[in-house]
Amino acid sequence: MPIIDHSQAPEVPWRPGYRKWDVAGHEQGVTSTFSINTADPGAGAPLHTHTIDELIVIMEGTLEVVMDGETRTVGPNHTVVIPPGAEHGFRVTGEGTAHLLVFFPALNPYSEEHTHYLEGARPASVSE
């Protein structure tokens with residue numbers, strides 16, 4: 001029975017001001033991906049799309065989320081539900097670090113197969 005000690009999850013180099021720890025994935029025998037993330041004010045993700053669902057749970061902090069041309073400010077205890085094909089991105093607003101939980105129903109969700117960047121680029125640490 002896989003039980004993960006979050007303090008032992010490997011940190012994945014991601015973006016400036018944005019830290020990511022992969023908690024569950026291939027090594028645990030599942031076909032989905034779950035990560036814990038922190039992002040400093042101003043950090044986030046550029047506009048992009050996925051071929052799969054994405055769920056972002058905001059535990060602490062505030063995000064300015066853009067999805068399909070609509071911009072919303074979203075705070076703690078909310079989940080951003082992103083359906084396949086939705087153009088989306090976000091950045092942390094306010095003074096505090098955001099703490100996020102991110103789920104994808106696939107392995108390697110940031111690969112070219114699953115993610116297309118409309119702005120910016122994919123993190124260098126993403127393997128294809």
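Strands (E, at least two residues) are DSSP runs, numbered from the N terminus, and two strands pair if DSSP finds at least two bridges between them. The model shown is predicted, so local features need pLDDT of at least 70 and side-chain atom pairs count only at pLDDT 80 or more, while totals for chains, interfaces and linings use all residues. Residues are numbered from 1 along each chain as its sequence is written, and side-chain values use heavy atoms, with hydrogens and water left out.

**View 1. An open sheet of six strands.** The strands follow the order S1-S2-S3-S10-S5-S8, and their pairing is antiparallel. Strand S1 (11-15) and strand S8 (78-82) stand at the edges; each has a single partner strand, so one side of each is left without a neighbour in the sheet. On average, neighbouring strands of this sheet are turned by 25° against each other, direction ignored. Axes for this angle are lines fitted to C-alpha atoms, and angles run from 0 to 180 degrees between N-to-C directions.

View 2. Strand S2 (residues 18-24) runs antiparallel to strand S3 (residues 33-39), and six bridges join them. Lys20 stands opposite Asn37 in S3. A salt bridge is a side-chain nitrogen of Lys or Arg within 4 Å of a carboxyl oxygen of Asp or Glu; a search of the whole structure finds four of them. One is formed by the side chains of Lys20 and Asp22 (2.5 Å, N to O). Lys20 counts as buried, at 4% relative accessibility, whereas Asp22 is partly exposed at 26%. Here buried means under 20% relative accessible area, exposed over 50%, and partly exposed in between (1.4 Å probe, protein chains only). Arg19 forms a salt bridge with Glu11, and the closest N and O atoms are 2.7 Å apart. Arg19 is partly exposed, with a relative accessible area of 42%, and Glu11 is also partly exposed, at 40%.

**View 3. Strand S6 between two pairings.** Strand S6 (residues 62-67) is joined to strand S9 (residues 88-93) by six bridges, and the two run antiparallel. Glu64 has Arg91 in S9 as its bridge partner. The side chains of Arg91 and Glu64 also meet in a salt bridge (3.3 Å, N to O). This pair links distant parts of the chain, 27 residues apart. Arg91 is partly exposed at 37% relative accessible area, and Glu64 is partly exposed at 26%. S6 also pairs with strand S7 (residues 70-74) in the antiparallel sense, over five bridges. Leu63 stands opposite Val74 in S7. The hairpin of S6 and S7 has two residues between the strands, and in it Asp68 takes a positive phi near 50°.

**View 4. The largest nonpolar core.** A nonpolar core is a set of buried Ala, Val, Leu, Ile, Met, Phe, Trp, Tyr and Cys residues joined through side-chain atoms within 4.5 Å. Of the 25 residues in the largest one, Ile56, Leu63, Val80, Phe90, Leu100 and Tyr110 touch the most other members. S1, S5, S6, S8, S9 and strand S10 (98-104) each give two or more residues to this core. S10 gives the most, with four residues.

**View 5. A nonpolar surface patch.** Leu55, Val81 and Phe103 make a patch of about 230 Å². Patches are made of residues with over 30% relative accessible area and no salt bridge; nonpolar side chains (Val, Leu, Ile, Met, Phe, Trp, Tyr) are joined within 5 Å, and like charges within 9 Å. Leu55 lies in strand S5 (residues 54-60) and is partly exposed, with a relative accessible area of 31%.

Terms used: Accessible areas come from the Shrake-Rupley method with a 1.4 Å probe; for residues, only the protein chains shown count as cover.
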